[in-house]
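This report describes sheets, helices, domains and a chain contact. The structure is shown below.

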Amino acid sequence: MTSATAARRPFAAIPWRAPLVAAFALVIAYFVILVGVLADPSQHLTFVGAIPQAQAQFINAVTIGAIYALIALGYTMVYGIIELINFAHGEIFMCGSFVSWWLLTTLGFSGAISDPLLLIGVLILAFAVSMLVMGIVGVVIERLAYRRLRNAPRLAPLITAIGVSFILQNIVFVAISNSIVTTPQIIPNTVLTFGPVTVGLINLFTIVLAVGLMVALHLFISRTRLGRAMRSTAIDREAAQLMGVDINTTIALTFFIGSALAGAAGVVQGLYFGITVFNIGFQAGLKAFTAAVLGGIGNTTGAALGGFVIGFLEVISSVWGQGRWSEAVVFGMLVLVLVFRPTGILGQQLGDRA
Amino acid sequence: MKYARVGAALTVFAVVASACSGSTASPSAAASGGASGGGATIAVKIGTEFPMSGGEAPNGVPAANGVALAISKIQVPGFTVTVSQQDDAVNGVHNPQQGAKNLQTLANDSSVIGVVGPYNSNVAQAEIPVGNAAGLMQCSPANTAPGLTKTWGGVDPVSLRPTNPTKIAYVRTATTDDLQGSAGADIAFNITKARTAYVADDTQTYGKGLADVFATQFAALGGKVLKRDGIPGTTTDFTSYVTTVKGLAPQYVFYGGVTTSGIGLFRLQMAQQGIANIPLGGGDGISDGPAATKSTFLQIAGDAGDLNTYSTTAGPTTIPNAAQFAADYKAMFNTEPGAYSAAAYACTQVFLQALAKVGPGVTDLKALREDVRAYVATPANTYDTALGKFSFDANGDTTQKIISYFAFDPATKNWKFLSQRDFTAQPLQ
């Protein structure tokens, strides 16, 4: 293996010390929030008084971070395998939220479902349908818009991606709704208490779901035959082909998985916030793209990490009374990271530098 | 070959894009009815410039309807008046550049003698220089940002009139945010009896201006502003701000902004965190219709979030002949008038009354446009309109300084008119 190929390992294994580093980072983030709550001049809280609020803010950050991370995974997977920044990905997320809106309203739900079995059934159905539909949409987009451009100059597919994003946005704008629609929030608005920790059921659900999907994705990429095909295609497409990997199927599979994850994020968006709108994908896509770049684009672990980092940055700016600057903080951090670590936090490939 | 593919994709995009903008530019067919009287009349137009599509259509459409209604009801001898309708919403959101472009389109049409609109203050900011250069009078029924007509925040509105600094080409029937902010403070302090408040804004011209005045006036009345936040208008996740509000436990929350910048969501998330018992107030940016109408504040905030909410509109609600106006409006559009329908009607009356005064004998459209502008810009002229009698001062502001107060009514799931206050007769302090 030459050093050039060593630098291109988009779906690298997670090093053993990663969980320790992550835990350490979470503790630091928690204390930054806690100090922010304590330092809030309008509240005059004692240390003990600040803890429940800091804890609630911590949960807020992890929840929104999980949503960003789910979307960011799709950006990074597609970039990892065909080096395309798929600007239509944010719109896949938006369409996913509309699929779940359509499904839940068609089934006649309008509020929380109290029967736990029915709730679980409907949730599984909503996620299955949205992920499947968006996965197929992702594959169709790849087939129609990107495949013919695979060997074209890089700018062509990039502009096509922007075009696809406008097409999706305008289809929803014209055909479904030109303004905000309210989505049924079927998960009851209950708060769970685990000893000193309280967490909303929807927050817990979002976090568990996102982490579960991330772990599943990681295992799929690192342990299965298809995952190996994806990794080898990302490292060297031609060599992989010579070794018998079906490139087209593998790339389609990558689009399917990435888009399905965005579809899942879309369902979560509706459940958590209770609304969706045709242009919601732009902002969410931009944040998730930033998350992917921040973590190291092409690197799935990095994308997940980047999503959580952005979630925390937003909440920290709000806690410190600087919500006005939250976007400046997020993008300022991106600039800082790129200045000192051009390959992102976890440092991965920057494409062909030749 | 590969470029042909890109071209094909872009063509599809262009078709879709034009399909969605094409539906909005059609002029109101209803407006031209009735005004085809005698032989040699001069055809003139009144332009309308509002957000007509997307999430802000509930704001713009009722105002544009007010203009169409006025033109169908009132005839000016010697003239045939029709409407040229423009839409400043791009992808569903009001867009200042689009507004300026629309105003230029109207200015290039020599038969346009005046423009009613826009709805949003930042659109007006982009349009005033265009109207000033063209000498085309604009009358806004809804703009409330103080800086459009008077010195505000250290900025002189003359900077909006670079071409003809002394020629006023913009007037408005809406009063300004300094009064709406005062009215908000009046509601918080005197109606809900709140003594502490959390104040947030969407970091845009309108929202921040409103929230700033609220904060100052609430403090002046003797209340305490616990915290002042700015939340970017693109935010959907307000949970961390709501958690802060929960910790602060204020007696009132005031949010300066419009529904599309997320106040409904903020309120919904307040309800989710169990603090919808804290009253929430806003300006006319949230008085955009009943809970049954799609994408209004009341629909987004949801059943729990709607309770204990207050809003204002910059103008009178108790108007002369209100019942007749509502009946006429309903007969033509089969729906209730919106918050600024009557004001848009009044703006149209201003133009039609000016036209009746200066119009006879004038045949040159260019001179007519200038005569109408000069007449409306003259403070001595008064107008008898759907809103009552008023005139415009030297800055272009209305002399009628009335704010209407509203509260959510659970029975009708709509805003209910509480009272109106004339700030000329009884200033807050």
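In this predicted model, strand β8 (residues 196–201) and strand β10 (residues 252–256) of chain B run parallel and are joined by five bridges. Within this pairing, B:Ala197 stands opposite B:Tyr252 of β10(B). Both strands belong to an open sheet of seven strands in chain B, whose order is β9-β8-β10-β11-β12-β15-β16 and whose pairing is mixed. The edges are taken by β9 (224–230) and β16 (414–422) of chain B; each has a single partner strand, so one side of each is left without a neighbour in the sheet. Helix α6 (residues 205–221) of chain B lies across β8, β9 and β10 of chain B, and its direction makes an angle of about 165° with β8(B).

Chain B also holds an open sheet of five strands, with the order β2-β1-β5-β6-β7 and parallel pairing. Here β2 (79–87) and β7 (170–172) of chain B are the edge strands, each pairing on one side only. On average, neighbouring strands of this sheet are turned by 25° against each other, direction ignored. Three bridges link strand β6 (residues 138–140) of chain B to β7(B) in the parallel sense, and B:Gln138 stands opposite B:Tyr170 of β7(B).

Helix α11(B) lies across β1 (42–50), β2, β5 (112–116) and β6 of chain B, running at about 160° to β5(B). Of the 18 residues of α11(B), 14 are buried, so the helix is largely enclosed by the rest of the structure. In chain A, α10(A) is likewise mostly covered, with 22 of its 27 residues buried. Just after α10(A), A:Gly274 adopts a positive phi of about 80°.

| Helix | Residues | Length | Span | Expected at 1.5 Å a residue |
|---|---|---|---|---|
| α11(B) | 341–358 | 18 residues | 26 Å | 26 Å |
| α10(A) | 247–273 | 27 residues | 39 Å | 39 Å |

In α11(B) the span is close to the expected one, and this holds for α10(A) as well.

The domain assignment divides chain B into domain 1 (11–174 + 320–391) and domain 2 (177–313 + 402–422). Taken over C-alpha atoms, the centres of domain 1 and domain 2 of chain B are 29 Å apart. Contact between them involves 13 residues of domain 1 of chain B and 16 residues of domain 2 of chain B. On the side of domain 1 of chain B that touches domain 2 of chain B, α2 (57–73) and α4 (121–134) of chain B each supply at least two residues. The most comes from α4(B), with three residues. By class, this side of domain 1 of chain B has five nonpolar, seven polar and one charged residues.

Between the chains, the contact takes 40 residues from chain A and 40 residues from chain B. On the side of chain A that touches chain B, at least two residues each come from α3 (47–82), α6 (155–175), α11 (280–295), α12 (300–319) and α13 (326–340) of chain A. Which helix gives the most to this side of chain A? It is α6(A), with ten residues. The side of chain A that touches chain B comprises, by class, 18 nonpolar, 19 polar and three charged residues.

Notes: Residues are numbered from 1 along each chain as its sequence is written. Chains are lettered from A and ligands numbered from 1 in the order in which they are written. This is a predicted model: local features need pLDDT of at least 70, side-chain atom pairs count only at pLDDT 80 or more; totals for chains, interfaces and linings use all residues. Domain bounds come from an automatic or database domain assignment. Two residues are in contact if their C-beta atoms, placed from the backbone, lie within 7 Å. Helices (H or I, at least four residues) and strands (E, at least two) are DSSP runs, numbered from the N terminus. Ala, Val, Leu, Ile, Met, Phe, Trp, Tyr, Cys and Pro count as nonpolar, Asp, Glu, Lys and Arg as charged, and the others, Gly among them, as polar. The expected span of a helix is 1.5 Å times one less than its number of residues. A residue is buried if 20 or more other C-beta atoms lie within 10 Å of its own, exposed if 12 or fewer, and partly exposed in between; C-beta atoms are placed from the backbone. Two strands pair if DSSP finds at least two bridges between them. Axes are lines fitted to C-alpha atoms, for helices over the stretch in contact, and angles run from 0 to 180 degrees between N-to-C directions.
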